[in-house]
Amino acid sequence: MSEAVAPTGAAATAVRCDALVHVYGVVGQEVTALRGVDLEVGSGEMVALLGPSGAGKSTLLWILAGLMRPTAGLVEVYGRNLRNISAAEATDIRLREVGIVMQNPARNLLSHETAIGNVMFAQRPTRRRYRTKRTRALDLLEAVGLRSVGTRPAGRLSGGEQQRLAVAVALANGPRLLLADEPTSQLDRASADAVVDLIRAANADLGTTVVAVTHDPEVGAALGRTVTIRDGRVGGEGRGGQEYIVVGRDGSVQLRDDLLEVLPPGSLAQARRTSEGIELRPVPTDGEETPGTGSDI
Amino acid sequence: MRGVGSLSSLGRGVRSRAGANAMILVMAVVAVASAVAGPTYYAAARLSILRDNFISAPVVARGFEATQYGQLSGTLQALQSEIAGAAPGLGRLSDQPTEAIEATVIDPDTNSGTTLVWRSNVCAHLRIQGGCPTAKDQIIISQSFASTTGLRIGENIDLPSWSPMTVVGIYAVPSGSDDYWFDRASTYFPYEDSQSGGSRSSAVLTEDALFSTEATMTTAPLASQGEVVIDDLLDVPNFRTSDLASLSRQIVGLSDSDELSGAQAVITSTIPQTVSSVQTAWSALAIPVLLITLQLLGLAWLLLFLVVSEAVRARGPEVALAKLRGQGRIRTTAFGLSEPVAVIVASLPLGALAGWSATWLLGRSLLRAGTPVGLPAISWAVAAAATAGGLASVVLASWKTLRRPVVEQWRRASTAGNDRTWVLDSILLTGAVAGLAELLATGKVSSAHRSALSLLVPGLLGVAVAVVASRVLPVACRAVIRGSRGTGLAAFLALRQVARRPGGSRTTIMLATSFALATFSLSGWALDRANFRTVANSQVGASTVLSVVAPTGTDLGTLVAKADPTGRQAAAVEEYSSNGVVTIAVDPQPWSRVIDWRTAVGPGSRETLQQAVAALDPPEPPPLVLDGDTVQLDLAVKSLSPPGSTLSLDVLATGATAPTPVSLGVLPKTGPVSLRGSLPGCPCIVEDLSVVPPPTAFAAAAPIGSIDFRAMEVHGSGGWRTVDSRFSSSTAWISPGDQPTSNMVTAGSAGLAWTFDSQLDGEAVLSVVDRPSPVPAFASVAVAPKGPYSATGLDGTSLPVDVKATLAAVPGAPADGVVVDRRFAELASTGDLVLAQQQVWLAPGAASRVVPKLEAEGVKVTAIETQSGYTKTLTRQGPGLAGVLFLGEAGIASVLAAGGAILGLYLTSRRRRYELAALEATGVSRRSILSAIASEQLIVLLFGVLVGIGTGMVATVIALRDVPQFLTQPAAPTLATFPPLAPLVGVLAAAALVVLAATLAASVVLARSVRLDQLREAPA
């Protein structure tokens, strides 16, 4: 069984979600995307958000980016509660605290603008001098290996180059939190590795906290900590190559797919406290209790 | 550097969306150009109208003449001072005035007179042999005067009460109609002015003027008095529209001047009438131009709004990116608006230039040649307003995109139903219907009176129908989908998309409104064109009409026959206008060959005109011919006064153009007598017998009496023989006169009894009836019904005619013409024909051949009027100019609407390339995709175009007849109220085909741009 692990870095928390709920109001109906997410990400940590499509990963990311207000619960980024902030405050957070890399280059870059121009575009609201902005843009392009194509329009770069440029753009204003939504999903392995290396480098060199949504286990492994979201809740975490179940606020746990083969959805199970923790056994179909060593819960 | 970076970034953005931005630019440029064209065109048209009116006006209508009687010395300066005091600003508006001092000199011996004149700068307007007078008591005399008197250069002439004058030159008058002479040529040059034909009428008692120097006049004997004259012509070529009000004030100042009236100065001018004509024409142009400009500007703004909406929506991802990168509301707004705003701002100078260029081109073909087309301040103000409207359109169009949350932009789904397009539609519909109701229900637009407000009908109707139609189309498409299960995939996709598309309704509104306006304006222009031609054709009567003066003593018809022996190219015509009725005397055969038969508008009118022309020239009585050397008349005088009156026989010898009087001797007081006279060069035709009072009478007494004519004999080589004198027929002789009872002719076995009382005339005349009496005629239906009618003859006296036919429009004088045979009209005239206007009517293309021949015959052409020229004149009037402006602007708006619609559909479909690529990935053939795209666009475009054309036609039926076409609506001919259908349908069909072709081309381009690898991209 998995080992229970307490959240780390409480004193230097970059992201804190507490019972976070979000409901989409689409014409005539409501869809619950997040059902009480509890999550803490320490400053300087790198977290990969995993989970099936529709689980609520992107919704969580957009809330962290201040692009949406949660329906209920608490969400803080570096101690600033995002739930009730104004649009201007959210904009300011995106400018100063949060850098964002999206899956689609079209959502990251101005295709007609040069690589330098894109990095400078992100710095436009800052009070830096033009020369400073340009120098920073060139430095960032150097860092992502695109200095040589700095004057080329972004739309003419390859997919991998565009995503590296997107990372540079996201880092343009030195954010403390980098949010990435499927940053490698449209890239080949080599390009994806390059982008992940860049993110890791940003974390290592700049201390940038990273929260990335991904389906790619390799990306998850590269980022160190994984948080699996299922059905709008945090169902599990992985650290140091180990997968853990996260016990929900209501005591619920979400089993991994391989464990669901033992306990398929709808089956009865018996939970028993043991000296090491809790034991979960399927109840036979004839109703007989399986003898155990611990007390029933 | 910061600005440079932003600008270069802006430039790259504009370039990256070059197509859409170019379209926005074109839209904005056209919007500004439409706005600018109105006031620019109006300003230029006003100037053209102003110059047209003043230049074509007689001198007295574009200048004034001030005259004052008094001492020859000093009066001129006094008059100048009085004018300067009464109209101080007139000098700025007029040329250098011409001044003159005139004194009448009477020769007591001959009782004839002449005028001694100093006229400023006179020598520049005369052709002088010798020199110009430069010193006191030097004069120049006319060639005519020189030949009459035998005076030569260097000789002296004694004028009563004046010092002897030395002749220093002999002048001829190149053109007495020059403005310089200010209509005084007939006073100055009764003989010499070639334009008068050199006729020496017995009424002329004054010789040609003698021109001298100012010194001669101002040093005249103290008792000498005369008239001082100031002729002042407006400086029309430099006349500006803003000068008109000032001119009116100055003329009023002249006419109301106490000083001038106190000095008994006389001001002669009809400038106020010209000013009034100009102002009427301006008014006729002002309201249509305003309405047209506002309608088109509104439409251009709507088009701009729709195109910008599409373009800004296409920038949605970039705006979302700006928000994502932490750019605040202001920066995001600036970023989102920067491109369209830059394009719109660029449209200000470009639009102004385009509007000016279009107006310049329009002006070249429509306005008076040489009319400058400028960009007045009002044009710039309107251009700025149009640009501001464009910017407002951009802001409105961008509002939704700029406020759209980033996530909503990415998810492409609204969180709530927020389609509020019905609000705008409701506002448009309510406004349009209310406007139509106001116009139609309150009678502001009705067949009762023509009003420029009718021009609002197509726009309002177009908007109302378009809004309704735009809502009907999706519903209809849904119904078709439900009703036809077996529809092919392409048709299904097209119908489905139209049924759910939000942009389709806007496209329909845009197209339907603009095509409604274009159809209406095209109809109006076609109707204008047709009616202008109809009016010009009938008003001028033939392709070209020359006003001419034939040499004295010649017959115009004979000269025309020499110039055109075929009788098919030219016809002699004489006209006399009196009390609003024009008597047109024609030579029926050639006239019928050169007139414009299109004048005969309406069923059966051509045949009526043919019959009427044929009826003009019935068989005439045979001439009474005398062939011999002596004629004898047997008669009996019953009574006669005054005693000593003679009997004279007028005969027309062979080849002669004027009759020769043959004196038969003195008539006895009473009793029978045989009188004889020698015949000159006969055979000759008897024209009339006349009783002439004795020449010794100081004041000629009117002959009164009664004579019986018994027989007429002629002596020839075979001795005396009796001539068939027709004395036994009372209809063979006529005694013309105003009082039918005073002159009477009766016939009996004893011969012809003639009772006469010539009253004020100097002679009593008994004429051989050589013409039908009354003269056959046909007339405008408004002038006279069929039957006897008293027209006015060519001499201004009564001319009894028998109206054989009436026509809706008579060639040359559609509503007020009476047409008679020219020879009969001349024969019926007893007085002088000098007041009749001589004309030559020419067939199309005949002018170049006939005019030189006429001039070779000595015929002077004084004016030329053509049907095409008359048409142009009508086109240059206010309503005509407004019609062309409307057509031009509505045409451009339609082209833009179609272009904008295609672009809008293209942009919309381009955003759907992901879906189209997905369709292709699922196995839908490219052909089906192309077919679906093309069908979708065609449904939307053709629906909008057809609804627009239909609405325009309905508006044409409802309102076109009420749109003013003329400054003064002509009473005849009957004008069309609906435009010629064939060209209208042709043009509209061609427009629809162009739209079709452009749509197909855009569809092909779009279908080719669909690629499977677009599936890698997220839906835009």
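Student: In which loop of chain B is F182(B) found?

Tutor: This is a predicted model, and what follows is computed from it. Along chain B, F182(B) comes in the loop between β7 (165-172) and α6 (185-188).

Student: Is F182(B) buried or exposed, and what is its phi?

Tutor: The cut-off for a buried residue is 20 or more other C-beta atoms within 10 Å. F182(B) has 23 other C-beta atoms within 10 Å and is therefore buried. Most residues other than glycine have a negative phi. For F182(B), a residue other than glycine, phi is positive, with a value near 50°.

Student: How does Y78(A) count, as buried, partly exposed or exposed?

Tutor: Y78(A) lies in the loop between β4 (72-77) and β5 (80-81) of chain A, and its phi is positive, near 50°. A residue is buried at 20 or more C-beta neighbours and exposed at 12 or fewer. Because Y78(A) has 17 C-beta neighbours inside 10 Å, it counts as partly exposed.

Student: What share of the residues in chain A is buried?

Tutor: The secondary structure of chain A comes to nine helices and 14 strands, and its C-alpha trace spans about 75 × 40 × 40 Å along the principal axes. Of the contacts in chain A with a separation of 6 or more, 62% are between residues 24 or more positions apart. Among the 297 residues of chain A, the buried share is 44%.

Student: Which peptide bond joining S641(B) and P642(B) is found here, cis or trans?

Tutor: P642(B) has its place in the loop between β15 (630-641) and β16 (646-653) of chain B. Most peptide bonds are trans. Between S641(B) and P642(B), however, omega is about -5°, and the bond is cis.

Student: How is α2(B) oriented to α13(B)?

Tutor: The axes of α2(B) and helix α13 (residues 377-403) of chain B come within 8 Å and cross at roughly 150°. Angles over 145 degrees count as roughly antiparallel, and α2(B) is therefore, relative to α13(B), roughly antiparallel.

Student: How many residues of the contact of α2(B) with α13(B) are nonpolar?

Tutor: The residues of α2(B) that meet α13(B) include A28(B), V32(B) and P39(B), while those on the α13(B) side include I378(B), V382(B) and G390(B). The contact divides into no charged residues, four polar and, as the number of nonpolar ones, eleven.

Student: Is L304(B) buried or exposed?

Tutor: L304(B) is found in helix α10 (residues 271-314) of chain B, and among the residues that it touches are M27(B), A31(B) and S393(B). Because L304(B) has 31 C-beta neighbours inside 10 Å, it counts as buried.

How values were computed: Residues numbered from 1 in each chain as written. Chains lettered and ligands numbered in written order. Predicted model: local features only at pLDDT ≥ 70, side-chain atom pairs only at ≥ 80, totals over all residues. Helix = DSSP H or I, 4+ residues; strand = E, 2+ residues; numbered from the N terminus. Contact = placed C-beta atoms within 7 Å. Axes fitted to C-alpha atoms, helices over the stretch in contact; angles between N-to-C directions. Parallel < 35°, antiparallel > 145°, perpendicular 65-115°, else oblique. Nonpolar A, V, L, I, M, F, W, Y, C, P; charged D, E, K, R; others polar. Lists of a residue's contacts leave out its neighbours within four places in sequence.
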